[in-house]
Every structure is written in C-alpha cells, then in structure tokens.
Amino acid sequence: MNNVLELLSTIRIFEEFSIDEREQLIRESELRHFSEGDLVIRFGQSGRFLGVVLSGEVEVSSLDEGGERQLLAILKTGDIIGEMSLLTGEPSCADVMASESTTILLIPNRVCYSLLSGNPNALMLLVRTITDRLRKRKIDGDTRLRVEGAWNAASDRYGLSLSSSPPAKVLVINCGSSSLKFSYYDTAYPSKNVEGVVERIGEKNGRLETLTTSGKNKKELGSVDHEDAFEAVIDFLTGEFISDMNELTGVGHRVVHGGSKYSSPVVINQDVIETVEELCSLAPLHNPPNLLAIKKSMALMPDVPQVAVFDTGFHQKMPKHAYLYGIPYKYYEEDDIRRFGFHGISHNYLALRAASHLQVGYRDLKIISCHLGNGASICAIDHGRSIDTSMGLTPLEGLVMGTRCGDIDPGALLHIVRREGMSPDELDRMLNKESGVKALSGLTNDFRELEDAAGAGNRMALMALHVYCYRIRKYI
C-alpha cells in the first residue's frame, strides 16, 4: 500500500486528498494486473471506474473510417484513465489496451464521487486535467465519428443494467393496490437474481409467481392481504436465496405519492414516513400498502438502508400551465391542489429504454410513453422531461383503468352524491375500487379474464375493453 500511496500523492488530482482519504481510496479500490494485449476498457463501454496506471504501459487507440487502428495516446506510470467518463458518464470513445504487463488501480466511480464531492479543490484539479487533454486533442471528423460510434456501441449507455463495485444485494419492492411485485439482485452472482409478484391481493385466489434462472414457478396462497403478501415474499427469499435479510445492501421501495416535497429518491426516515402518511388520502390505493411494506421491512431489517423512489418525482418539472387546475388559485397556494402525475419511474425508464433501442440521445427524444395495466397512464416526454401526463392530483384522473374511473365530469359526481346521499368515503370507494373496466364489464379488473370473456362472446367484457382502448388512443 505504501508504494501506491506515495504514487497517488504525486498525481495531480489526488494532491488535495489527505493521507486518510488516499488510504480509504486504495482500500475501496481494486488492484488489477493486465497482460500484454488485454483490454482494459472497450470502445463503447460505460465508465465504471477511474484507473491509475501503477506500472507498465497502455495504448489508447480507435479504428478510423477505413478500419485502420489509429494510436491516440500512450499512458504510463502515474497517468489516469477514464476521467471523462467519471464526470459525464459517457461511454469510452476508444479502446484502452495493455501494451505490456501492466498494473492498474481501478477506483469505483462512487468512491471518486464521494471524495470529490467534499473536496472542491480536487474537483478543480480534475477539471483542469481534462481541459489539458482536450487542448491536445484534435477535434475533427474522426473524433466526432468516434464519439457517435461509442454511443452506438454502448450496450448500456444509460446504466440500466444493475451493477456495483463492491458487490451488492438489493431488494426492490413495489407494493401496489392489487399486487406486490419484487426483484432481488445479487451483483456478484447474477444467476441468483429473481423477480416475482403476489397477485390478486384482497381476493380469494391469491398466488405467488416467481421467475428465476431455472424458470417460472407458481404457489397458490388463497385469500391474502398486503401483509400476508409481504410475508410470503420474505419466506420465499429466505428459503432459497438469502440466509438472513440483514445481508442486504439496501431495500428500494416504490412510493406512489411524494407530493411537491420529493422529486428524487431519499433514504427513509421518520420525516419521510410522516409525509407519505399525510398523502394517503391522495393515493388511497397505493400509499397505505407502500407504507405497510416500508414499516415491515424496517422492522425486519433495522440496520439495512431503506430508500423511497417516488412515482411523482419524474413529473415535478412539468410546466405550471400543465399542472394547474381551473379552480380558485388559493387552493393551489394553500393546499397544493395541482396535478402531480404518477408512474414516473416507469415513464422515465421507458424513455431511456426507447433511446437506447433507437440509438439516439435521451435528451433528443420527443416521445409518448404508455404505462398500461390495472393502473394506467400516458406521458408526453420532451428532451428527457415530462411535460404532461394523464394522471393528476391523484391516480384517478386520466385513462379508464381496472377499478378506477379516469376522467369524469365533476357534475356527474355531484349528481350521484345528491341522488344516492353518498358520503365522501363511499364516493372515494366507488371511484377507486368499484369503477373502471370492472364496473363496465360487471366481471373483473383482470384483463386476461376480460379478454377471455370477450373472446367467448361476452358483450359487456368487449365493451369495457373498447372503452379502455379508446381512452388510450384519445390521450395519445
């Protein structure tokens, strides 16, 4: 370690680090040896680390338009690799190959970010290092082609495939209105990854479906509520995949409504729990089960970080003219009555996947994304930003859904309330749990069963599907 520590002290971007910080950096990094001809970084590979050449030599090269390999740089002891990707996250525009036996210290990006974020002088030195390299680089047609080619060659340009250094075990929970979905990731042993869902919560025929590398499995659970569903998932994981839930690196929870307070993921504490509880009235089908999963998870794994990711977060940058209602402005100012939108996690992911598939920049896309199912919404995304979406203050607005009504004339609700003498809670239940395709068909909110019934000639099932599909086309 002493030799590496001494070398780091002579490298420009590490000059501002204390001895303790350099020692931490070495402890959390990987010392890797490369033989002559080994690829250190592949053209199009997303940046995952900052490399420091400790001994030996590497060549940086790329193919020109004629297919000939062009030498761009030779890096020797004390030189760094991957500083551009560290700041931008862009894929490598060249191949980096060991030209002789070489030893490189691979510093994970998260370690660099952690140390640089608390050391502005070190960050400034990194920027200067990049600036110096850019001055020496000839910006020509070949360079532009390399940059474009690197993006096209990147298999995971937006980091959608989960990976980590050091390895991590992550559980993701989506406790929804009628199902509990989960995914377990082991970044050291991807063969242990598993995903599953407990379906038909609140009905008599609940079941657990799982997908592992060995295939699909089903387990009938009978009548289950959300608490039963959570326990079934934990029993499944501890039975086959993990010996102790406290081995987890972290647990991520999808939370439907975060209001105006949360636009990005947060580590869950009491303040977060209280805010989610306050918003239960705006997402009565979702926030309560979200909270149940959070509290059960925190009780079971008190030392494991729990993170909330909010469905409303992606839509927080909608323009004001898109989220205001045509009601007295005081209700927005005093009570934050406005359109929030939901399914933001899904819409953001869909847009990133579309950009990756189409091999275009995410920020260059103008796209409409559709999240369709028991809960459904549509989003207009302009250059990576949600500019409008079909859902509003609550997940009731917009499309006709499984048990939710979607858009409806408020006058119709006033008429029903007056005629039926409904209380607010009774109206809430009707709109959230007794409407949508379930009410229109008189059968079910399970679209598989609806399609089967429509195919068998059930006219009400067919009508419900037509209404559902028409509203989707209308919004698009």
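# Strands, helix ends and cysteines in a predicted model

Strand β18 (residues 377-382) pairs with β19 in the antiparallel sense, over four bridges. The model is a predicted one.

- Three strands make up an open sheet in the order β17-β18-β19, and their pairing is antiparallel.
- The edges are taken by β17 (366-371) and β19 (385-389), each with a single partner strand, so one side of each has no neighbour in the sheet.
- On average, and with direction ignored, neighbouring strands of this sheet are turned by 30° against each other.
- Helix α12 (residues 344-358) lies across β17 and β18, and runs at about 130° to β17.

**The sheet β1-β8-β3-β6**

- Another open sheet has four strands in the order β1-β8-β3-β6, with antiparallel pairing.
- Its edge strands are β1 (30-34) and β6 (80-81), each of which pairs on one side only.
- β1 is joined to strand β8 (residues 102-108) by five bridges, and the two run antiparallel.
- In this pairing, E30 stands opposite L106 in β8.
- Helix α4 (residues 109-117) packs on the sheet and touches β3 (49-55) and β8. The direction of α4 makes about 60° with that of β8.

**Strand β4 and its partners**

- Strand β4 (residues 57-63) has seven residues, of which five are buried, so β4 is largely enclosed by the rest of the structure.
- β4 pairs with strand β5 (residues 69-76) over seven bridges, in the antiparallel sense.
- Within that pairing, S62 stands opposite Q70 in β5.
- β4 is also joined to strand β7 (residues 95-98), by four bridges, and these two run antiparallel.
- The bridge partner of V60 in β7 is V96.

**Strand β10 and its partners**

- Strand β10 (residues 180-186) is likewise largely enclosed by the rest of the structure, because five of its seven residues are buried.
- Seven bridges link β10 to strand β9 (residues 169-175), and the two strands run antiparallel.
- β9 and β10 form a hairpin, with four residues between them.
- C175 has L180 in β10 as its bridge partner.
- L180 also has a bridge partner in β11, namely V198.
- β10 and strand β11 (residues 194-199) run antiparallel and are joined by five bridges.

**The two ends of helix α13**

- At the start of helix α13 (residues 410-420), a side-chain oxygen of D409 comes to within 2.8 Å of the backbone nitrogen of G411.
- Just after α13, G421 takes a positive phi of about 65°.

**T444, between two helices**

- T444 sits in the loop between α15 (436-441) and α16 (447-455).
- T444 counts as buried because its relative accessibility is 12%, and the cut-off for buried is under 20%.
- The T444 side chain reaches the backbone nitrogen of D446 at 2.9 Å.
- The side chains of T444 and E449 are joined by a polar contact of 3.5 Å.
- Leaving out residues up to four places away in sequence, T444 touches V437, K438, E449 and L450.

**Cysteines**

- How many disulfides does the model contain? The count comes to zero, where a disulfide needs two cysteine sulfur atoms within 2.5 Å.
- C405 is in no disulfide, and the nearest cysteine sulfur, that of C469, is 18 Å away.
- C405 is buried, with a relative accessible area of 14%.
- C469 is in no disulfide either, and the nearest cysteine sulfur to C469 is that of C370, 11 Å away.
- C469 is partly exposed, with a relative accessible area of 33%.

Methods:
Residues are numbered from 1 along each chain as its sequence is written. This is a predicted model: local features need pLDDT of at least 70, side-chain atom pairs count only at pLDDT 80 or more; totals for chains, interfaces and linings use all residues. Side-chain values use heavy atoms; hydrogens and water are left out. Buried means under 20% relative accessible area, exposed over 50%, partly exposed in between (1.4 Å probe, protein chains only). A polar contact is a pair of N or O atoms within 3.5 Å; within protein, one must be able to donate a hydrogen and the other to accept it, and residues adjacent in sequence count only if both atoms are side-chain atoms. Contact means heavy atoms within 4.5 Å. Two strands pair if DSSP finds at least two bridges between them. Axes are lines fitted to C-alpha atoms, for helices over the stretch in contact, and angles run from 0 to 180 degrees between N-to-C directions.
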